[in-house]
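Subject: Handover of a structure for your review

Dear colleague,

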Amino acid sequence: VTIAFDDQLKSPAQALKVIIPVVVDELLKAGVNEENISLLCASGTHCKRRPHELKALLGEQTYQRFRPFSWREGRIYNHDCTEGTIYLGETEIGCEVDHNSVLVKSDLLIYVGTIYPVSYGGYPGQGIVIGLASQRALKSLHSYDVFRVGGALSGDFRPEKNIYRKHKLAVNEKIEKEIGKKVFYIDAITGPGAKIVKVFAGHAPELEKKTYREADTYFLKKMSQKDIVVIGLPHDLSYDTSDNPLISCSSARRSVSGWRNKPLLRKGGVIIALAQCTGRISPRRPSDSEALRLYREEFEATYLWDYFDAFANNPEYLYKYRYEYAYSPVHGMLMVQGLDTLKRVARQTIFAGDVNPGVIRETGAMPARNFDEALAKALEIIGKDVKDTDILVLPSYFHDPKPLFEVE
């Protein structure tokens, strides 16, 4: 039995610390030998987790139970998106299915995930689809035609309304068909302070029909359309600090993409992001600088996709990913496309605060020294006086729980 779980970028540790021990105990009661149970961190194309990060995620007791000698792997593993995967074909709508071979090797795969708001499809789900994917699989699932189009840039989880959700469900269905068994999902809805609100278990896609509707009662907020959205970016963000322009731009977009019914930002609207963005990129993100260079040189962001295989097979990036806990070779490629996505959801994005103006300009955004200057520029762009402008201010959007907006 393999128990796969979201990495710490997606899953509050408290949920895993509570759920995984319960699942292990139930397996033992059912007659499974403990030495036949393994834990797998489903990190997708994110960086592999260091031992101390896995310990923080799983808790001291579970970590020692499955990896009693810290210098050995034990039975806790990191997913590797560059090797050890198995190709299972294509879905009927064109996504390649190339995922961790544990799907075939395990008699039972249990996936422990977390339900919380995201700006692509409303909520996570079908955790194996992204968490256990190879670079090859993500090439289609996060492609420009699936992940960066208007039919994906919303918080609507209905597959008939969101093309990304449609593709995710198709991949999950294809995997289960090819391996001849169902994946058992355990999804926790988490609220303030990463506390567990409610837990659901079952199979996709039936499970989501319950979990997503329940999640709506906690996260969905009614809102009118806005001319300007002001968002505060904390320094520590999911993939890096706000100093990284790729991460700042991706984070600035999140709030205006998490909408239902119609876009939160009116056509021609502006985002004002208050942040520190100096241009510094973490050593754990070795491919970001090259991705930015290509973005500067190419006329269309879609052309960057032609370099995907070159990034995926770059020896330096592969070594850093496999042995130095860096992000996968293609993650910078995936993030730089977000600069083009930002232009799809807002007429302009203005970064104000401790920012390097040249770094901001090369992303296509606009720098400002402070909020007053940013607001003056935004009002000029939309052509309104401040008294006639609908402004939404989200100073602590990145504190849990993050909202989704049902726009009226």
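Let me begin with Thr302, which has a relative accessible area of 33% and is therefore partly exposed; here buried stands for under 20% relative accessible area, exposed for over 50%, and partly exposed for what lies in between, computed with a 1.4 Å probe on protein chains only. This is a predicted model, in which local features need pLDDT of at least 70 and side-chain atom pairs count only at pLDDT 80 or more, whereas totals for chains, interfaces and linings use all residues. Residues are numbered from 1 along each chain as its sequence is written, and side-chain values use heavy atoms, with hydrogens and water left out.

Thr302 belongs to the loop between H11 and helix H12 (308-312). Helices (H or I, at least four residues) and strands (E, at least two) are DSSP runs, numbered from the N terminus. Between the C-alpha atoms of Thr302 and Lys139 the distance is 13 Å, although 163 residues separate the two in sequence.

The nonpolar cores

A nonpolar core is a set of buried Ala, Val, Leu, Ile, Met, Phe, Trp, Tyr and Cys residues joined through side-chain atoms within 4.5 Å. The largest one has 90 residues, and Ile128 and Phe351 touch the most other members. Helix H14 (residues 331-345) contributes the most to this core, with 7 residues. A separate core of 23 residues includes Val24, Ile37, Leu54 and Ile76.

Contact is taken as heavy atoms within 4.5 Å. When neighbours within four places in sequence are left aside, the contacts of Ile128 are His99, Leu103, Leu109, Tyr111, Ala133, Asn172, Ile175, Val183 and Tyr185.

Helix H14 and its partners

Helix H10 (residues 245-257) and H14 have axes that come within 9 Å and cross at roughly 45°. Axes are lines fitted to C-alpha atoms, for helices over the stretch in contact, and angles run from 0 to 180 degrees between N-to-C directions. H10 and H14 are therefore oblique to each other, given that angles under 35 degrees count as roughly parallel, over 145 as roughly antiparallel, 65 to 115 as roughly perpendicular and the rest as oblique. The crossing of H10 past H14 is left-handed; that term applies if the near helix is turned anticlockwise from the far one by less than a right angle, and right-handed applies if clockwise.

On the H10 side, the residues that meet H14 are Pro245, Leu246, Ile247, Cys249, Ser250, Arg253, Val256 and Ser257, and their counterparts in H14 are Gly332, Met335, Val336, Leu339, Thr341, Leu342 and Val345. The residues of this contact of H10 with H14 comprise 10 nonpolar, 4 polar and 1 charged. In this division, Ala, Val, Leu, Ile, Met, Phe, Trp, Tyr, Cys and Pro count as nonpolar, Asp, Glu, Lys and Arg as charged, and the others, Gly among them, as polar.

Helix H11 (residues 288-297) also packs with H14, at an angle of about 40° and with the axes 8 Å apart. H11 is therefore oblique to H14. H11 passes H14 in a right-handed crossing. Asp288, Ala291, Leu292 and Tyr295 of H11 make the contact with Gly332, Met333, Val336, Leu339, Asp340 and Lys343 of H14. Among the residues of the contact of H11 with H14 are 6 nonpolar, 1 polar and 3 charged.

Leu339 in H14 is buried, with 1% relative accessible area. Beyond residues up to four places away in sequence, Leu339 touches Pro245, Leu246, Cys249, Leu292, Tyr295 and Thr363.

A buried histidine

His167 is part of helix H8 (residues 163-179) and is buried, at 7% relative accessibility. Apart from neighbours within four places in sequence, His167 is in contact with Ile93, Cys95, Leu141 and Val146.

Backbone features in loops

The peptide bond from Ala204 to Pro205 is cis, and its omega is near 5°. Pro205 sits in the loop between strand S8 (196-202) and helix H9 (206-219).

Asn261, a residue other than glycine, has a positive phi near 75°. Asn261 is found in the loop between strand S11 (259-260) and strand S12 (265-274) and is exposed, at 53% relative accessible area. Tyr325 likewise has a positive phi, near 60°. Tyr325 lies in the loop between helix H13 (315-323) and H14 and counts as partly exposed, at 27% relative accessibility.

With kind regards
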